[in-house]
Amino acid sequence: MNETMVCAVGNVATQPVYRELANGASARFRLAVTARYWDREKSTWTDGHTNFFTVWANRALATNVGASLSVGDPVIVQGRLKVRTEVREGQSWTSADIDAVAIGHDLSRGTSAFRRPNKEGDTTVSHRPEPNWETEPESRSLDASQQRPEPAGVT
C-alpha cells in the first residue's frame, strides 16, 4: 500500500487528550512545526511559517503519550500523513493529520528518562478536559514574534 510517511520535528502545542475506547486507547495532540532559516542580511536565524498537525496515537503508543507528553515538549513524530478537505457551513476546511507510528522527545533540545510501563499497563495517565481546537478559517495565527514559548520540563 502506498502511504506518505513523514517525520516531523516540533513542539507539542496542545495538551494531549487520552481516551479509552472500545477498540483500545487513543490519544491526540496538536504539533507545531516551525521552519528556521539563516537570514544572510541580518546574520541571524529566523523563524519561518508554522505548520500545525493533529497527531493521532493508538493503543500502547497512546497510553505512553498520555503519560509522557506536555505542552511545549520538543518531540519527533513519525507516521502516515493524511490531508483532508471538507466543507462545513459553506466554508472549505483543510486539516493535516499524522497517524503516528513512533513519538519521542527531541534529545537535541533536552534530556529525557525512559521508563518501560509495567505489564498490567501504566495507569499514570491523567484525564484532562477536551481542548477546543476549532479556529475560524479567516482568523490569523500569531506570528512567531507574538507567541510566547512554553517552558519545557525535564522528565
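**Ground rules.** I number residues from 1 along each chain as its sequence is written, and side-chain values use heavy atoms, with hydrogens and water left out. Since I have a predicted model here, local features need pLDDT of at least 70 and side-chain atom pairs count only at pLDDT 80 or more, while totals for chains, interfaces and linings use all residues.

**Overall layout.** I looked up the elements and found one helix and six strands. Helices (H or I, at least four residues) and strands (E, at least two) are DSSP runs, numbered from the N terminus. Along the sequence I read β-β-β-β-α-β-β. The chain has 155 residues, and 29% of them count as buried. For me, buried means under 20% relative accessible area, exposed over 50%, and partly exposed in between (1.4 Å probe, protein chains only). I also checked contacts, meaning heavy atoms within 4.5 Å. Of those with a separation of 6 or more, 62% are between residues 24 or more positions apart.

**Who pairs with β3?** I count two strands as paired if DSSP finds at least two bridges between them. Strand β3 covers residues 24-39 and pairs antiparallel with β2 (residues 17-21) over five bridges. A hairpin of two residues links β2 to β3. L21 sits opposite G24 of β3, and V17 has R28 in β3 as its bridge partner. β1 also pairs with β3 in the antiparallel sense, over two bridges, with V12 opposite L31. On to β4: 13 bridges join β3 to this antiparallel partner. The β3-β4 hairpin has four residues between its strands, and S43 in the turn has a positive phi of about 55°.

**D39, at the β4 side.** I found D39 in strand β3, with T44 of β4 as its bridge partner. Beyond its neighbours within four places in sequence, D39 is in contact with T44 and T46. Does D39 count as buried or exposed? D39 is buried, yet has no salt bridge; K42, the nearest side chain of opposite charge, is 4.2 Å away. My salt-bridge rule wants a side-chain nitrogen of Lys or Arg within 4 Å of a carboxyl oxygen of Asp or Glu. For charge, Lys and Arg count as positive and Asp and Glu as negative, with His and the chain ends not counted.

**Two tryptophans.** I looked for aromatic pairs and got one. The ring centres of W38 and W45 are 5.6 Å apart with the planes at 75°, so the pair is edge-to-face. The rule pairs rings of Phe, Tyr and Trp (its six-membered ring) with centres within 6.5 Å; planes under 30 degrees apart are stacked, over 60 edge-to-face, the rest tilted. W38 is partly exposed, because its relative accessibility is 44%.

**The core.** A nonpolar core is a set of buried Ala, Val, Leu, Ile, Met, Phe, Trp, Tyr and Cys residues joined through side-chain atoms within 4.5 Å. The largest one here has 21 residues, and those with the most contacts inside it include F29, L31 and I103. β1, β3, β4, α1, β5 and β6 each supply at least two of its residues. The largest share, five residues, comes from β3. Leaving out neighbours within four places, I103 contacts F29, V55, A57, L61, V65, L69, I76 and V77.
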